[in-house]
Amino acid sequence: MKNPLEIFSDLSERLNYNFPDLPLYIRKGSLDQFHNYAATAHWHVDLEFIYVLEGSMDYFVNGCTIRIDQGEGIFVNSSRLHFGFSHDHTDCSFIVVVIHPSLLGEGSSLAKTYWEDKFSAMMEDFILLTNQIGWHREVLTSLQEIYDEMHTDSTPNPLRLISRALALCACIGDQVQQKSGHSEDVQLWTNVQQMTSFIHQNYEYKITLDDIAAAGAVCRSRCCTLFNKYVGQTPTVYLTRYRIQKGCEMLKETKRSICEISIACGFQSASYFTFIFRKQMGLVPQDYRKQIIKEQG
């Protein structure tokens with residue numbers, strides 16, 4: 001069963017940290033855990049680091065697509081829309097390390113001011129980490145070490161985890177550069193959030209491209225351009241995929257009929273819902289539900 005990320009209406013992700021009181025997400029992942037070998041576009045205030053162990057993948061960050069090969073990695077800055085994917089459906093395994101700013105503690109401090117400056121919308125969206133640059137290699141090695149510490153056979157040392165996580169942030173803070181045009185980027189990203197939020201809140205109703213564009217206060221053409229740049233797909237494709245995602249949730253969490261679910265997801269008929277569901281998921285809704293029941297024992 002594919003495991004979608006838990007994404008809210010504004011495309012923010014709720015992360016399941018390794019420990020409830022330690023805001024670090026340190027795990028291995030693979031593209032085959034996502035439908036069509038593509039994660040859902042999302043963002044979070046946390047800093048994210050990816051280190052590719054086997055294979056390769058493309059990584060989308062705020063309108064740019066970067067190729068990450070085995071032995072390479074990427075740093076993704078705070079609050080950037082991003083996701084990894086493979087066009088040809090080949091798998092890729094990787095380590096992901098995600099660090100929340102609350103690791104610095106409560107209250108204001110010099111460290112928090114530095115964080116807010118270095119990881120703001122004014123700074124670079126990402127840095128591709130390769131083996132050709134010394135400090136890049138140090139970051140990649142640190143990602144492996146922090147993963148090993150978190151997943152040691154014994155209880156991980158929280159102080160070592162915190163120190164290594166903050167050392168990663170300090171290293172990136174030394175290197176990340178200011179970018180131009182940040183004010184426009186922030187406004188355009190706000191427009192995208194308004195449009196995706198509208199879809200998430202109204203997916204069960206009939207939605208037109210004009211409706212989506214109006215939610216972001218842009219024209220139809222601008223709407224399509226922004227979706228392609230910041231989300232990596234057209235508004236119509238995004239709407240359809242979101243409806244199928246909600247259909248999967250209903251099939252898993254309710255006993256509603258296929259006809260009821262199709263209407264609740266905004267499809268005009270059960271037959272069309274089934275057709276699109278099979279095209280997206282590789283099996284019909286009934287078989288998807290049976291598979292879930294079987295996996296749940």
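# Chatting through strands and cysteines

Me: Which sense do β5 and β8 pair in, and over how many bridges?
Reply: Strand β5 (residues 73–76) and β8 pair in the antiparallel sense, over four bridges. Strands here are DSSP runs of E, at least two residues, numbered from the N terminus, and two strands pair if DSSP finds at least two bridges between them. This is a predicted model, where local features need pLDDT of at least 70 and side-chain atom pairs count only at pLDDT 80 or more, while totals for chains, interfaces and linings use all residues. Residues are numbered from 1 along each chain as its sequence is written, and side-chain values use heavy atoms, leaving out hydrogens and water.

Me: What stands opposite glycine 73?
Reply: That's leucine 129 in β8.

Me: And which residues of β8 are on its covered face?
Reply: Ile127 and Leu129 are on the covered face, with Phe126 and Leu128 on the uncovered one. In a regular strand, side chains alternate between the two faces of the sheet.

Me: What order do the strands of the open sheet come in?
Reply: The order is β4-β3-β6, with antiparallel pairing. β4 (64–68) and β6 (82–85) are at the edges with a single partner strand each, so one side of each has no neighbour in the sheet.

Me: How many bridges join β3 to β6?
Reply: Four bridges join them. Aspartate 58 stands opposite phenylalanine 85 in β6.

Me: Is cysteine 169 buried or exposed?
Reply: Cysteine 169 counts as buried because its relative accessibility is 4%. Buried means under 20% relative accessible area, exposed over 50%, and partly exposed in between (1.4 Å probe, protein chains only).
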